[in-house]
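Here is a structure to read together.

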Amino acid sequence: MDQPYPDPFTYDRPYRKVLAREFNSVSPENQMKWEFIHPERNRYNFGPADAIVRFARANGQVVRGHTLLWHSQNPAWLNEGTFTKAELRSILKSHIFTVVGHYRGQIQQWDVANEIFNENGEYRQENIFIAELGPGIVADAFRWAHQADPKAQLFLNDYGVEWPGVKVDAYESLAKQLLAQRVPLHGFASQAHLSMRYGAPDQLAGVLQRFDDLGLHTAITELDVRMDLPASGVPTAEQLTTQASYYKTVLDACLAVDGCNSFTIWGFTDKYSWVPVFFPSEGAATIMWDDFAKKPAYYTLRDTLRAARR
């Protein structure tokens, strides 16, 4: 979905200064998704993602690649095309080899399979590759990504896996299956897009531990905490304190699990948050205001990380 604002990385110099100063890992929000990086069947658009990778290298940051197999933000030529099964398989294989190969040695972790299960634990049929080629294509995607860049860590990634349930069970079952097949799966990630309409994910550490027990890395990849705003549009002090506690709950869960090796927030300023676009009645989901002033959540994350290093 087009966002109602320009790409902040390209146009906002103060944003880039904060990004360079505050973080040691970056994830392209949109620039590596199919519709951006592969807009036509025989054309790739690497420029915007290349700029992010160059920026990261210049500032001593690692990069998470996002994403290779997903049902959303695919280009019209793919969604509306008529392909045989063999053609569709070839298209996916070529895309993975081209994109992952282009960034070989420059991406620390890839979200290979993104949001492949519904809430009931069944495979998403909106995913054109799974619908047409069957769930076995997930293993192929991991194999191809590993061949294209043997050093990158390859992840399953989804939302709604912050609590135990059938969706987590489905991922655990899939992970065991892939590992038994010697598929190069390296990690499981919780996006952690949270809302204060629901409780903080106090069982997240246990979820991550289940995958750690399988020998996998775990990660938090897209954390934000949205809230229902008062009529003024400005969160109350109580709301900001609660939001900070949600952020801390997620960071504490990651810190409690040995193999949780990556912690990523999804945007850091409300100025560019995706939340109001998709959840019009909610907002203020990030750790900084529009002007990059820091919310309580920022200080809570900082202090928690400092304490963990002692």
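Q: In β3, which residue is the bridge partner of Arg64?
A: Two strands pair if DSSP finds at least two bridges between them. Strands (E, at least two residues) and helices (H or I, at least four) are DSSP runs, numbered from the N terminus. Here, Gln109 in β3 is the bridge partner of Arg64. The model is predicted: local features need pLDDT of at least 70, side-chain atom pairs count only at pLDDT 80 or more, and totals for chains, interfaces and linings use all residues. Residues are numbered from 1 along each chain as its sequence is written, and side-chain values use heavy atoms, with hydrogens and water left out.

Q: How many bridges pair β2 with strand β3?
A: Over 4 bridges, β2 and β3 (residues 109-114) pair in the parallel sense. Strand β1 (residues 25-26) also runs parallel to β2, joined by 2 bridges. Val26 stands opposite Val63 in β2.

Q: Why is strand β2 largely enclosed by the rest of the structure?
A: Buried means under 20% relative accessible area, exposed over 50%, and partly exposed in between (1.4 Å probe, protein chains only). In β2 (residues 62-69), 7 of the 8 residues are buried, so the strand is largely enclosed by the rest of the structure.

Q: Which residues of helix α2 are buried?
A: In α2 (residues 13-22), these are Tyr15, Val18 and Leu19. Seen down the axis of α2, its buried residues fall within an arc of 100 degrees, so they line one face of the helix. The arc is that of the directions from the helix axis to the C-beta atoms. Arg13, Lys17 and Arg21, on the other side of α2, are exposed.
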